[in-house]
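The entries follow the order of looking up.

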Amino acid sequence: MTWIKEHFLRHGEPPVDQPVDPPVEQIVDSIHRLVTATGRGRHSGLDQLAIGLYALAADAEPAARAMDVLAAVDPLAWIDLDLAVRRQSPPPPLDCRSHAAPAAVAPEPATPLAVALAACGWNGRERARAMAHPAMRSEAGLLPLLLVRTTDWVDPVRDRALRVLGEVLADAAALPVALPIAVPVAVRMGERVRGRPALEQVRDALMRAGQETLDLVLGSPDSRARRFAYDVLVQAGRLDHERLVAAALHEPDQVSRTRCAQALAARAVAGERPEHAVEILDGATAQGRIAALTALVQLGHPEHGPRFLGDNAGMMRLTAQWAVRRAGGEPAELYRQRIKAGGATRGLLAGLGDCGTRADDALVLPYLRDPRSRVRAEAVRTLRRLGSRADVTALLEDPAPVVVRNVVAAVQAAGPGVPAERLWALLGTGHPLHVRRAAYRLLVHRDPWSRVRADLLLVRDPDEKLRGWARDDLVRWCRSSTAPPARLPAGWRAEVEELARAAEGVLSSENARLLRLALRLFA
């Protein structure tokens, strides 16, 4: 393959009497693999694809097929291919790096693929000449590369690319094809140092585009392209009420959905149209629901608040509580009534934790045995927030990790309340990992020697996370200049010293020395 690449770079055409390898089908297959590969596989795949594209560039039919597949699969592929092609092309000769004219002028690219490869090369003059090629204005498949070159490090290349881009986007007939391709690439290019001018051109084109073209952009599979388009069109007021409602309720991208809902809520307030806020009150994003309910309260309709007191989103619950108070009600009393009625949800328990008192813990205690793990976890959290003294340590062995995490937080907030013997038992390998990890977190915060003993017990544990926690914490303890406030319990001395000797193989020599010194000084 190297001889094909070198011949094409030198002469601009494939060698005669030699088969072009790999075949077109293999190149097309490589293009498809390109968009799914990740990591090192993607990097090497791009390099191989670049070599294959060089081999096809001078032959019209295979070159056209490769360009069609690239455009259909993912126009963003050219952002990475730009670098891969440059890695496979030689640097310019010395005379091309100076102000002198090059010794030899490369032949005019014969196909759009050849234009694309020239636009990616090291030679700035060749990149500039590729920008001026008629195919740059007529071939939609080259538009991604045109946008890439608008951020070129060479001023003449960048300026020419921006001029050509302006001409393409000014063509009303070409805009329905060009704009859906341009927006995803322009959004990425806008993050580069020189990317703002091209992004502004695309923004202006969006403002001029007809509704059919906008529908194509808003239907793009690229979420970042849709997000940019919604931002531009919402700010410009180009989306009518029906389209905003549809986007606020059904747009797959959560950020776009929220922004459209917020725009609708603002319009509802400005136009005093509460029915517009009601339309999106049950939207899928918490920020959108908050905007809608806030608009309704501002418009004098706080009666919608009670319906959202049990919302799982904390800010939405607080907004609903505010609405209830604006209507003259007391949210804490509503929470009590609903929980007493039975079947409390996670949101209702959390809401009671927002505004209840310690006296409400009797309402929450039955839900520590609820079959729903999220409800049990919220019950533990609510008891902690209410300042309850209820004992939740029985749930340290709960089968749901989310419940055990909340129990640990409750125990840590209340102070040592679990017998040490039980924690040491839960640390054993016979218990689930989330239970062992909870016991470890409680032990290391119990007292200094419990911390050291737990670290030494787990520094060779089969669980990678526990092993890492123990090793890192032991190193921190070894390097700490603060002595433990109490002596090592006499019954632990032999065990801890034996564990410390075993741990020396895991620690660095310096940390092992510090561990021996600490035990000798403080034990």
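Is Asp-370 buried or exposed? I find it buried, because its relative accessibility is 11% (buried is under 20% relative accessible area, exposed over 50%, partly exposed in between, with a 1.4 Å probe and protein chains only). I note that this is a predicted model, where local features need pLDDT of at least 70, side-chain atom pairs count only at pLDDT 80 or more, and totals for chains, interfaces and linings use all residues. Residues are numbered from 1 along each chain as its sequence is written, and side-chain values use heavy atoms, with hydrogens and water left out.

I located Asp-370 in the loop between helix H23 (361–364) and helix H24 (373–386) (helices are DSSP runs of H or I, at least four residues, numbered from the N terminus). Leaving out residues up to four places away in sequence, Asp-370 touches Val-375 and Arg-376 (contact means heavy atoms within 4.5 Å). Its side chain also reaches the backbone nitrogen of Arg-372 at 2.8 Å.

Next I looked at Thr-382, which lies in helix H24. Thr-382 counts as buried because its relative accessibility is 0%. A polar atom of its side chain lies 3.0 Å from the backbone oxygen of Leu-349. Beyond four places in sequence, Thr-382 touches Leu-349, Ala-350, Gly-353 and Val-364.

Last, I checked H7 (residues 112–120) against H8 (residues 124–132): the axes come within 7 Å and cross at roughly 140° (axes are lines fitted to C-alpha atoms over the stretch in contact, with angles from 0 to 180 degrees between N-to-C directions). The contact is made by Val-115, Ala-118, Ala-119 and Cys-120 of H7 and Glu-126, Arg-127, Ala-130 and Met-131 of H8.

Definitions and conventions. Helices (H or I, at least four residues) and strands (E, at least two) are DSSP runs, numbered from the N terminus. A polar contact is a pair of N or O atoms within 3.5 Å; within protein, one must be able to donate a hydrogen and the other to accept it, and residues adjacent in sequence count only if both atoms are side-chain atoms.
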